[in-house]
Amino acid sequence: MILSIQLLYYLVGLVLAATAVMTATDRSNPKRYSSALFWGLYALVFLVGERLPPVWVGVGVIAMALIAGFGGVGAGKHVARSESDYQASAQRLGNKLFLPALAIPVVTVIGTLLAKHLFIDGVFLIDPKNATLVSLGVGCVLSLGLACWLTQETPAQGIRESRRLTDALGWALVLPQMLGMLGLVFSDAGVGKAVAFVTTSYINMDIRFVAVAVYVVGMALFTVIMGNGFAAFPVMTGGVGVPILVGVYHGDPAVMAAVGMLSGYCGTLLTPMAANFNIVPAALLELPDKNAVIRAQVPTALALLTCNVFLLYFLMFR
């Protein structure tokens with residue numbers, strides 16, 4: 001294959017490496033060296049992670065956690081353009097501004113659908129096993145080129161803007177990947193089996209509605225703890241979903257997975273652990289209450305979670 005997932009990893013790693021270098025040379029960042037080390041370690045995971053022993057990668061992850069935990073990730077001062085410059089640019093480009101953003105999903109969908117048909121002499125142009133992710137990477141590159149053409153800027157400006165957004169997000173940028181892996185760690189460590197033991201020992205799972213409620217609420221609670229529905233899914237599905245809802249009550253696993261993930265997203269609305277969704281927006285909007293986004297989402301999350309219990313109960317066992 002010509003375009004593989006590894007090329008996408010290299011691209012992400014190069015962007016992060018550029019961010020690390022720019023951070024290290026930014027005298028306006030009071031924590032530039034520790035911040036550069038943080039982003040440099042993250043870049044190494046994408047650039048040479050498959051060649052490093054797993055222990056070394058684990059040490060790097062622990063180092064990143066310590067740097068972030070002790071407040072070592074800081075941001076530099078970025079000079080913003082004036083309001084008049086923004087207005088002039090917006091008037092000149094008009095609705096063309098949306099073209100780069102729309103190009104990403106369009107290219108991703110086209111690449112995903114056509115990947116298995118794109119080959120030359122038996123060699124696939126796009127890795128069919130990772131067609132969506134590779135197509136997303138292609139869409140991002142094409143979007144950058146389109147943005148540079150429209151705005152008459154250089155790709156270097158795109159890297160600088162990438163670094164500005166990375167500074168704004170900070171360590172929360174790595175949370176989705178870290179928390180997603182946490183779910184696999186919990187699953188391999190047998191947390192799912194422990195959950196199954198606790199629930200069956202202390203909760204009457206002979207009542208089907210109770211089993212459904214435990215699964216739905218458990219998905220939300222584990223997501224609150226882990227900050228990511230993907231991390232909670234293998235734990236609750238391996239502990240309650242598959243052995244009880246599917247194995248004992250013979251429910252539809254597809255419905256269980258869909259409603260279960262939706263229940264996990266309810267937990268995402270309620271936790272500061274999902275910092276990239278709940279804490280970062282409050283910081284970017286400069287809200288006085290860093291939990292303001294979570295407070296606004298609580299009624300929706302609880303109402304939807306209650307509905308999910310009944311949805312799963314009535315749809316899974318038809």
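1. Buried means under 20% relative accessible area, exposed over 50%, and partly exposed in between, with a 1.4 Å probe and protein chains only. This is a predicted model, in which local features need pLDDT of at least 70, side-chain atom pairs count only at pLDDT 80 or more, and totals for chains, interfaces and linings use all residues. Residues are numbered from 1 along each chain as its sequence is written, and side-chain values use heavy atoms, with hydrogens and water left out.

2. Start with helix α10. Helices are DSSP runs (H or I, at least four residues), numbered from the N terminus. α10 has 19 residues. From first C-alpha to last, α10 reaches 27 Å, close to the 27 Å expected at 1.5 Å a residue; the expected span is 1.5 Å times one less than the number of residues. Buried residues in α10 include Ala211, Val212, Tyr215, Gly218, Phe222 and Met226. Gly227 follows α10 and has a positive phi, near 85°.

3. Next, α10 against α11 (residues 229-246). Their axes come within 8 Å and cross at roughly 160°. Therefore α10 is roughly antiparallel to α11. Axes are lines fitted to C-alpha atoms, for helices over the stretch in contact, with angles from 0 to 180 degrees between N-to-C directions. Angles under 35 degrees count as roughly parallel, over 145 as roughly antiparallel, 65 to 115 as roughly perpendicular and the rest as oblique.

4. Residues of α10 that meet α11 include Ala211, Met219 and Thr223. On the α11 side, Phe233, Val240 and Ile244 are among them. Contact means heavy atoms within 4.5 Å. By class, this contact of α10 with α11 has 15 nonpolar, 5 polar and no charged residues. Ala, Val, Leu, Ile, Met, Phe, Trp, Tyr, Cys and Pro count as nonpolar, Asp, Glu, Lys and Arg as charged, and the others, Gly among them, as polar.

5. α10 also meets α14 (residues 292-315). The two axes come within 9 Å and cross at roughly 135°. So α10 is oblique to α14. Arg208, Phe209 and Ala220 are among the α10 residues in this contact, and Leu305, Asn308 and Tyr313 are among those of α14. The contact of α10 with α14 divides into 11 nonpolar, 1 polar and 1 charged.

6. Asp26 sits in the loop between α1 (5-24) and α2 (32-48). Asp26 counts as buried because its relative accessibility is 12%. Leaving aside residues up to four places away in sequence, Asp26 touches Arg32, Gly76, Lys77 and Arg163.

7. Val138 belongs to helix α6 (residues 131-151). Val138 is partly exposed, at 27% relative accessible area.

Notes
Helices (H or I, at least four residues) and strands (E, at least two) are DSSP runs, numbered from the N terminus.
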